[in-house]
Amino acid sequence: MNNLDQIFVYAKYWLLSQLPGGVQSLVSIVLDIIAIIAVFGTCFALTTILERKGLGRIQNRYGPNRVGPCGLLQPMADAIKMLTKEDIVPFAADKVVHYLAPLVLTVPIWLAFSVIPFGREMSAIDLDAGVLFFFAVGGASELAVFMAGWSSRNKYSLVGAMRAIAQMISYEVPLVLATIPVIMLSGSLNLNKIVEAQSGYAFGVAQWNVFTPWGFAGFFLFLIAATAESNRSPFDLPEGESEIIAGFLTEYSGFKYALFFLGEYLGLFAVTALSVTLFLGGWHAPLQVLEFLPSWFCFFVKFAAIIAVFIWVRGTVPRLRFDQLLNFSWRFLVPLTLVNLLVAVVWHFTSLGAGLDQSLRWLISAAMIVPAYVYFGRALSPNRPTRIYQYAE
Amino acid sequence: MQTPEQIKSLIEQNVPGAQIELVPNGSPGGPASILIDSDHALAATTFLRDAEELAFDFASNATGIDWPERVIKEKNKVKKMVDGVEKEVEEITEKKTPAFLETVYHLYSMSLSTGPLVLRLRTGDRGQNNHLPSLTPVWRSCEFQEREIFDLFGIVFDGHPDLRRILMWDGFKDHPMRKDYVEPDDYEYEPTPHDDVLEKAQRHYAQEATV
Amino acid sequence: MTALAEPPVMHEAPPSGTIWRLAEDRSSFAGPTDDRAGGLPDHDLLEVALGPHHPSTHGVFRMDVVLDGEEVVRLKPVFGYLHRNHEKIAEKNSYLAAIPYTDRLDYICSMTNNWAYVMTVEKLTGFQPPERAEYIRVIVGELTRLFNHACLVGFLLQDMGALGTPLMYAFREREKILDLFESLSGARMMCNYMRFGGVRCDLPDGWIEEAKQVVAEFPRFLDEFEALLTGNEILLVRSQGIGVLSKELAVNAGVTGPMLRASGVGYDLRKVDKYSIYPRFNFRIPLGQHGDVFDRYMIRLLEMRESLSILKQALDTIPAGPIVDPKAKQRGLRPKAGEAYGRIEAPKGELGFYVVSDGSPNPYRFRIRPPSLINLTVLEDMCLGHTIADVVIILGSVDIVLGEVDR
Amino acid sequence: MTDEIARKELEKQGVVITSMGELYNWGRKNSIWPLQFGLACCAIEMIAASMARFDIARFGAEVFRPSPRQADLMIVAGTVTKKMAPQVVRLYNQMPEPKYVIAMGACAISGGPFKQGYNVLKGIDRFIPVDIFIPGCPPRPEALLDALMALQKKIEGDTLRGANRPRHIRPDAPSEFPIPEFGEHDLVPDKNPALFHPAAVLLEK
Amino acid sequence: MLGSGIIKGMVETARNFFGSYVSRERLTTVQYPEQQLAPHENARTIPLLVYDGDMEHLRCTACGICEMECPAQCIYIVKDTVKKSDYLGRMQFQPRVFDIDISVCMACGICAEVCPFDSIMMDQVFALSTQNRFSGLLLHKEDLAKANGYFHAIHPSDAGDIDARRDEDKRKAEAKAKAAVAAKAAAAIKSSEASAKQVEVAA
Amino acid sequence: MTPLSQYLFLSTLLFAIGFAGVVTRRNAVIVLVGIEFMLNAANLNFIAFWRYGVSGAAPTGIMAVMFSIAIAAAEAAVGLALIIAVYRHRKTTQLEKLDTLKG
Amino acid sequence: MPNNISFYIFAVGVLATATAAMRLRNPVHCALAAAAAFAGLAVIYFQLDAEFISFAQLLIYVGAISILVIFAVLLTRGSDIQPGVELASPHWLTGLAIAVLVAFVIAVPVCSSSFGEKIAPKMTVAPVKLIGEELMTRYLFPLETMGLLLTVALIGAAVIALREPEESEIRNPKSEIRKQPTTEELVAEVQP
């Protein structure tokens with residue numbers, strides 16, 4: 001069991017042991033990079049095809065199923081086509097910036113994966129300030145989006161870029177605020193330590209953060225903010241097709257467009273992986289009886305589940321308007337995450353020898369978060385009475 | 001609903017000076033239409049809209065008709081003395097109608113559920129004298145339809161807030177719905193050579209050969 | 001986001017006597033001032049041309065929009081990108097040859113277009129369609145209304161960014177109805193089915209049963225559709241209070257169809273003109289109170305339920321008999337000189353045909369009164385003060401088809 | 001010959017590719033993203049083809065891109081009017097190579113029933129090169145799928161060297177075409193003579 | 001409560017997602033090249049010309065009504081110079097050229113409706129895509145002519161009705177012809193008798 | 001290991017570049033960026049001296065830089081807001097044109 | 001030594017991008033180059049084992065300040081990129097001379113000091129926890145002050161940047177709807 005769990009770690013060390021000592025550290029880094037690129041590159045390919053197939057099923061049809069077995073080679077065909085497609089740089093465009101934008105988007109995103117623990121002993125670097133690092137490298141994507149939109153010299157691109165930046169900045173606040181309770185109660189910015197803090201089982205069920213009131217609320221707030229942060233429906237305004245063509249991507253073609261596509265999905269994967277780590281116990285198995293499962297398997301199951309929810313939401317909801325989107329962040333998510341912070345504090349101090357019953361703690365927390373939810377929800381759109389329709393005979 | 005005759009007299013009572021003519025309709029049961037002189041059209045239509053008993057608040061349809069100069073041949077059977085004997089002889093009288101453009105409005109009343117009242121306005125001729133008052137100030141629904149008439153028939157509506165071409169591009173010179181409009185010759189003449197197309201093709205290729 | 005918990009409650013009111021009443025203040029009829037010579041704030045104005053190739057303009061339609069920040073301060077629709085000269089072509093061809101062209105006007109609802117045209121020619125000639133033909137016309141007309149409204153709601157949601165799921169569901173139902181049309185007339189979209197004084201061919205065997213089944217299954221689809229959409233907070237917040245159209249302006253601007261009724265005017269030609277055999281059926285006209293995008297959406301959903309009720313009645317009571325007036329002539333029709341204006345309640349509003357005959361085998365003047373074009377008159381009035389994202393859904397809620405707008 | 005059959009069999013599994021050129025063609029043919037662009041009636045059938053009953057997604061072609069920069073295929077679905085024609089050409093010019101055009105429906109091919117109209121372009125092939133023509137008014141959605149497969153077959157048959165290699169890898173062939181302008185009575189020019197070669201005229205009767 | 005509407009919608013989409021694995025109603029795709037919907041009997045795409053027996057017996061008489069009535073003007077007919085006998089034995093022209101430009105045809109079916117000879121009918125093929133704009137889409141007589149058997153296969157009840165009518169006509173015509181022959185014969189006999197009588201009288 | 005002096009040289013040059021930008025550029029926004037460079041040069045010194053200082057001592061250098069970054073953020077926000085406000089009135093960000101205190 | 005080499009690479013990168021930020025013509029390019037310079041500095045901080053500061057630098061300078069600068073540039077666009085407008089201030093030569101002088105003045109003592117030989121000691125403490133503890137104990141008062149400062153700055157910036165109401169200038173097109181003529185007026189117009 002343990003062998004299967006650590007199979008990749010053992011494989012890496014075996015490989016390193018075959019090499020001379022001088023290059024070992026370098027090769028170790030290279031191996032980590034290759035592993036991350038291979039795994040998440042495959043994830044990207046799989047997600048695109050499974051998303052298309054899943055949306056198809058939601059919409060009563062098959063989705064791509066003719067290229068390769070069950071259509072699974074579809075992403076490969078897409079990749080070949082994208083790579084060989086003519087790369088158009090608009091005449092008026094700022095050539096250098098236009099060229100750099102996809103790189104600035106894609107490269108830092110890969111860095112974000114280096115701090116995520118994908119399994120027991122399986123994180124590329126064990127940074128002390130891992131969470132901070134994660135958000136820091138995420139900051140580059142805003143710049144990249146701006147570069148893309150501005151350099152294209154296209155009204156739609158610029159409007160899309162401005163929307164994207166405003167949206168990313170507004171949703172970074174609730175995203176970070178939703179993370180803070182976890183950091184507070186785990187006492188660390190180190191993602192490995194955060195996973196560590198969620199180990200252990202009570203009555204056979206894992207003690208993940210999501211099973212606490214603040215974690216539960218925080219998880220959903222985090223997911224909503226993450227949806228917006230990664231420009232997914234219903235917050236996909238920067239690329240809102242029905243309004244501004246393809247947003248900041250309007251003037252991109254071929255390989256550069258593919259890079260943006262890749263960057264967006266990687267961003268989605270990164271926040272998803274972070275949410276798994278922060279709230280869903282990282283690589284821990286959900287039940288004690290399932291502990292025999294390899295840790296990385298548990299991680300990727302949770303990961304896939306959240307991605308599936310993203311796809312599901314995308315297949316269901318329409319898009320918000322821009323001012324509503326910002327209102328939703330500032331008037332709903334931010335206050336709620338602040339309330340949630342308070343809940344976490346209360347939860348923390350009631351556990352410190354206050355001798356309170358577990359159910360009472362839950363009750364107190366719920367009494368704080370639920371009214372806040374209802375209040376801020378109502379405040380978002382006051383005066384919307386139920387409509388009555390009459391008939392003329 | 002009032003008959004066109006009643007409406008005619010109502011307008012004449014309320015809009016002094018309006019000259020109204022009834023135009024008969026040949027279709028079975030079709031209502032006659034009223035023809036208003038363009039000087040009093042705005043006042044008369046505003047009256048039609050605002051009068052309590054008429055309340056034509058809804059101008060459903062506005063369109064133009066092109067009447068080029070036509071010679072109407074009428075066959076009349078006339079009794080004539082031919083060689084001292086009374087005989088029935090067919091005599092062909094030629095009636096020339098002058099060319100004009102016409103707009104037709106179909107008015108309804110939504111509040112009274114009545115209609116239609118067919119209203120006509122005529123221009124003096126098809127050339128310079130092609131102005132008519134715009135009814136857009138009375139009914140907004142005429143806005144685009146009058147622009148369309150301007151575009152396709154070339155009737156100029158005085159008082160229209162935004163009289164531009166609507167269907168054709170701005171630099172276009174003709175009025176294609178007029179009866180004498182000549183289409184651009186841009187067929188490839190293949191593979192549907194109907195008689196008229198054939199003729200046109202022969203002319204076209206002859207022309208091309210000379211160029 | 002809204003706190004609205006339950007979907008809007010429907011409620012019946014006793015029939016009111018008047019359809020609508022003109023308010024005393026008539027200042028709102030004239031459109032927004034067209035002031036190219038200044039009048040707009042001069043700071044930070046952005047001019048955007050939406051279209052003619054734009055994903056949300058439902059075809060080839062352009063809107064020249066002037067934005068102040070995100071707010072629309074001027075919007076001028078530009079037409080003509082699909083001007084296919086229907087009227088000119090019809091004036092060159094025979095009366096019969098115009099029927100297939102009417103299919104292509106509002107290319108979603110070919111049946112009702114056919115109907116309006118043949119009705120006009122019937123007025124011109126005095127042909128009287130037999131009873132069975134009238135029933136068939138009502139049935140296909142209401143089926144057309146069903147899928148037109150379903151598709152419109154789908155397209156509207158597409159404009160709101162719903163990735164096509166509602167549209168897919170709508171088209172799933174549309175295919176069922178198109179199957180009925182194909183087995184009846186031979187074509188899915190361009191049915192070319194009606195003829196002067198009747199219809200072209202009789203119902204095939206078993207058609208009524210199939211239609212009954214489709215009609216019986218349709219309410220379930222509507223329920224699912226409403227579960228998917230009507231309570232959705234994003235839809236509510238995107239559509240309520242957006243693109244408000246007042247009663248007075250709607251009437252003065254000649255707006256018709258569901259859009260007019262969403263503004264609270266109960267003017268439905270099926271009730272007003274009592275054409276065909278509609279007086280025999282029991283149905284109601286849903287009315288909105290706010291005249292916004294949400295009301296237009298709801299009115300269409302409610303109208304579909306009324307159409308279903310008409311369909312049930314018609315399918316149950318359709319008599320046997322001839323399907324075309326024996327006096328009617330299709331080929332080489334030469335009506336006496338005269339003119340006729342016929343109009344029906346097409347799914348998009350009042351579709352009228354105005355045909356002038358001079359006794360020759362082709363119409364002297366052939367005019368189509370397109371509901372879509374005239375409903376667009378108030379587009380700018382509805383859009384001012386809203387953002388581009390709203391403009392898109394306001395346009396979607398008007399329900400235009402460019403084939404009909406530009407003809 | 002047996003080789004051929006064996007390869008066909010393996011290709012059914014979707015794996016066997018023998019040369020770079022074939023890989024290139026395979027990628028191109030299986031990932032045709034259409035431009036989200038509808039003109040008239042046929043656009044509705046095009047939408048219907050992407051809907052559940054016909055599901056163009058099975059061929060990997062449901063990714064309707066709103067921006068021409070990311071599209072491979074332009075489905076000219078519906079009547080191209082003279083007022084619209086410059087836009088269509090402009091959109092085509094904005095698409096990156098390799099790009100394909102399907103003229104869907106009678107109107108797009110030749111003006112169709114509206115050929116007699118004064119504002120109707122008599123076929124989009126007067127201004128841009130068309131790969132596949134689908135007759136019908138409107139063609140059934142299956143006909144569009146059929147045309148898509150015909151296009152795939154055409155791509156498959158492309159050789160990357162030689163005289164009959166596709167247009168987009170021939171340096172002398174243009175990838176952009178002149179955009180007509182609005183004249184006083186008609187488009188100027190009314191066709192691209194370098195592109196449009198009507199067949200011999202049939203002048204008898 | 002905020003979010004309930006969205007959750008309701010998500011339940012709906014989830015039902016469709018899982019339903020697509022169990023119910024045909026929620027997976028309506030017909031996988032086109034392999035699976036095809038059975039065409040409706042009335043379905044029509046482009047016209048065809050029916051012949052009985054072989055190509056020499058086209059029902060078309062080149063009367064030109066369809067050419068005249070076609071709204072899109074896509075039919076082009078040139079009459080042959082020689083007459084052939086039709087199924088009733090009457091001498092009729094046949095078309096020498098019968099072209100339909102399906103790049104213009106709008107499949108309205110008016111030609112089939114107005115044809116007095118049951119000759120032009122509507123086909124059901126739709127997979128007509130071609131790379132060739134001119135030669136691929138101008139269908140000649142040879143492409144359009146289809147055997148009556150084919151017509152039976154696609155429009156069985158229509159074809160049955162038409163055949164029955166034509167058989168009836170044929171029978172009537174034959175009967176008429178027979179009667180005419182008989183009458184002629186009788187008349188001939190009579191006249192010969194009469195002439196014989198005359199001869200007798202003269203004699 | 002890089003000697004401390006290299007960091008100090010880097011810091012010096014960065015400071016000089018920032019300074020040169022501040023005194024030579026006319027666009028107020030760019031001048032602000034130059035000021036940020038000068039601040040960053042100071043930060044680099046703090047970090048370098050802290051790193052090369054006594055091991056295990058209190059992280060004074062880090063603390064100073066943290067506060068410096070926070071103040072830089074505040075400065076950038078207020079400064080840019082001011083520039084925008086001035087631009088609204090004067091339609092320029094050219095510094096030498098902004099020489100009067102009148103609005 | 002890899003550390004040394006990478007230091008020089010990044011140092012040169014920082015200097016180059018910083019120079020670009022000060023020299024380029026288009027202010028948007030300047031802002032982007034500045035962002036790159038800030039990011040390079042973050043890497044140098046990371047090499048100095050100040051990972052917390054490095055990430056903070058990335059988060060604040062690249063993620064926030066650069067974006068702010070870009071927004072400011074776009075909001076004040078049009079004032080600087082016209083070809084006719086002089087890029088540098090009139091006294092740029094004097095300024096440049098002073099800058100060189102400053103650099104020289106600072107560089108001289110650095111050269112003459114003994115810092116060149118100074119080698120960093122081995123790190124023993126992971127500083128993030130330490131930073132947190134220090135912030136909450138010794139630096140509590142500065143922390144609170146900083147929080148206050150940031151709040152005030154934020155509010156202040158928002159207030160300054162808020163668009164002043166210009167009611168007198170903006171004519172709302174909606175309020176300008178023409179009055180509908182009454183019947184009497186129309187009749188009067190038609191019949192003078």
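Around helix α4 of chain D, the cover over the buried residues includes strands β1 (73-77), β2 (100-104), β4 (181-182) and β5 (187-188) of chain D; cover here goes by contact, that is, heavy atoms within 4.5 Å. The model is a predicted one, where local features need pLDDT of at least 70, side-chain atom pairs count only at pLDDT 80 or more, and totals for chains, interfaces and linings use all residues. Residues are numbered from 1 along each chain as its sequence is written, chains are lettered from A and ligands numbered from 1 in the order in which they are written, and side-chain values use heavy atoms, with hydrogens and water left out.

Helices (H or I, at least four residues) and strands (E, at least two) are DSSP runs, numbered from the N terminus. Buried means under 20% relative accessible area, exposed over 50%, and partly exposed in between (1.4 Å probe, protein chains only). The buried set consists of D:Ala85, D:Pro86, D:Val88, D:Val89, D:Leu91, D:Tyr92 and D:Asn93.

Turning to chain A, there are 14 helices and 3 strands. Its radius of gyration is 23 Å, close to the 21 Å from the globule rule for 393 residues, so chain A is as compact as a globular protein of that length. That radius is taken over C-alpha atoms, and the rule is 2.2 Å times the number of residues to the power 0.38. The C-alpha atoms of chain A fill a box of roughly 85 × 70 × 40 Å along the principal axes. Of the 393 residues in chain A, 60% are buried.
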